[in-house]
Amino acid sequence: MSTFAVRCTGLTKRYGDIVAVDGVELAVQPGETLSIVGPSGSGKTTTLRLIAGFESVDAGEISLRGTVVSSSKAHVPPERRSVGLVFQEHALFPHKTVSENVAFGLHKLGSYERTKRMREALELVRLTHLEQRYPHELSGGEQQRVALARALAPNPEVMLLDEPFSNLDADLRARIRGEVKSILADAGVTVIFVTHDQEDALFMGNRIAIINDGRIEQTGTPEQVFHEPQTRFAAGFMGVADFLPAEYANGKVEMELGAFPMSGEDSGPCEVMTRPDDIELTRSTEGTATVLSRTFQGIWDLYVVELPSGAVVRAQRPHYERYEPGDSVRVSVAPHYVARCFAQADGKLMP
Ligand code: ADP
Ligand code: MG
C-alpha cells in the first residue's frame, strides 16, 4: 500500500502521432509541493489533466492516496478525486460575487455548511473583506486568490496549479507567489505546481521534477537539480550554463580549461558544463582569450569571453574587477569548480 499522495508510473498519453506524456514517473508525499518545470509543449498541462481525470491514460497508472484512479482499466471521474485546480486564466464567473464564486463548487452541501466552508476558504486567502465584490472590481493578485479559495473550498487533498503566475507582471508575481506559498502551507495540502519558469519552480517546490519532451529528466531538491544535474538538458535548463567540448579517458576529463580527475571507467567525447560563477579571469597581454561583451548587473558584471578555440564561456565577476570588450584575458576555473561531464551521445552525466 503506497503512502504517496500522488503516484504516477509509466504515465503515457498520445494525441495521434504526438506522445505528449511519455512514461512519466512521479511520487509526491502528503503535504509536499512538487514543482514540474519544463519548456512550452513538454507535457506539463497534459500531465496535470491526466492527474485531475480530464483525460484518460494510454498506458501507465495514477494512484491518489494509494488508490488507482487512472489506468487502462480504471477511470475515476474528476469530481471523485478530491483534487483542486488553479489555472493560468483563473476563469472566475464575471457575474458572480467573490463569495458566490468560492461557493460554486460546494453545491452538494447544505447551505449552513456551504457558507461555513466558503468563509473558511476566504479567510485562508485573506479576502473576507471583499466577499461582495465582483471579479472586475479586484486586482489581478486578488483574482488569483479568489481562484485559489474556490479550489481550496471543497478541502481537496491535492491541489494542481498550472502556471498560475504567468499572467501577472514581474513585481506582482514575486509578491503573489510568496502569498500563494504561505496559503498552501496553511491549508496543509499536497501540491503539484507546473511552470516553465525556473525561478518560480525553485521558489515553490520542496522538490523539482524537470520535464522535457514528455519525459522526466530528473527529480530532486532545488539544490540537487541546480548543482547536480544528471543530464545536459537539466544542466542547461535550470540555470545559465556553457558547455565545452571535452574528451573522457583514463580516469580524467580534458578540455580547454584543464584536465580534471574523474572516477569511473567511462570514455569518449563529451561536454563539460561551466556556470558563470565557475569562471575566473585575469588580465593578460598574451592574448589567450578575448572579452566579447560586458553586461552590467550591479554587484556583478557578466562577461562573454571567447577562448582561443573559438568556444565561448560566460563569467560573472565582481564589479571592482573590470574588463572591457576587446580586452585580452586568461580564463581559468575557480577553486570550487567540479567538472560535470555529459556524454556527447545521449547527454547523460558521465561517469
Ligand atoms: P505544456 O503544458 O508543457 O506546454 P502540453 O501538455 O500542453 O505542454 O502539450 C504537450 C504536447 O501535446 C504538445 O506537443 C501539444 O501540442 C500536444 N497536445 C496537448 N493537448 C493536445 C490535444 N488536445 N490534441 C493534440 N495535441 C495536444
Ligand atoms: Mg501548459
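Visitor: In strand 14, which residue is the bridge partner of Asp242?

Guide: In this predicted model, strand 11 covers residues 242-249 and strand 14 covers residues 268-274, and the two pair in the antiparallel sense over seven bridges. Asp242 therefore belongs to the run 242-249, given that strands are numbered DSSP runs. Its bridge partner in strand 14 is Thr274.

Visitor: Which strands stand at the edges of the open sheet, each with a single partner strand?

Guide: Six strands form this open sheet with antiparallel pairing, in the order 13-12-11-14-20-21. Each edge strand has a single partner, so one side of each is left without a neighbour in the sheet. The strands at the edges are strand 13 (258-261) and strand 21 (349-350).

Visitor: What is the N to O distance in the salt bridge where the side chains of Glu271 and Arg232 meet?

Guide: The count between domain 1 and domain 2 is one salt bridge, alongside six residue pairs in polar contact. A salt bridge requires a side-chain nitrogen of Lys or Arg within 4 Å of a carboxyl oxygen of Asp or Glu. For the side chains of Glu271 and Arg232, the N to O distance is 2.5 Å.

Conventions. Residues numbered from 1 in each chain as written. Chains lettered and ligands numbered in written order. Predicted model: local features only at pLDDT ≥ 70, side-chain atom pairs only at ≥ 80, totals over all residues. Heavy atoms only, no water. Pairing = 2+ DSSP bridges. Helix = DSSP H or I, 4+ residues; strand = E, 2+ residues; numbered from the N terminus. Polar contact = N/O pair within 3.5 Å; in protein donor to acceptor, adjacent residues only side chain to side chain.
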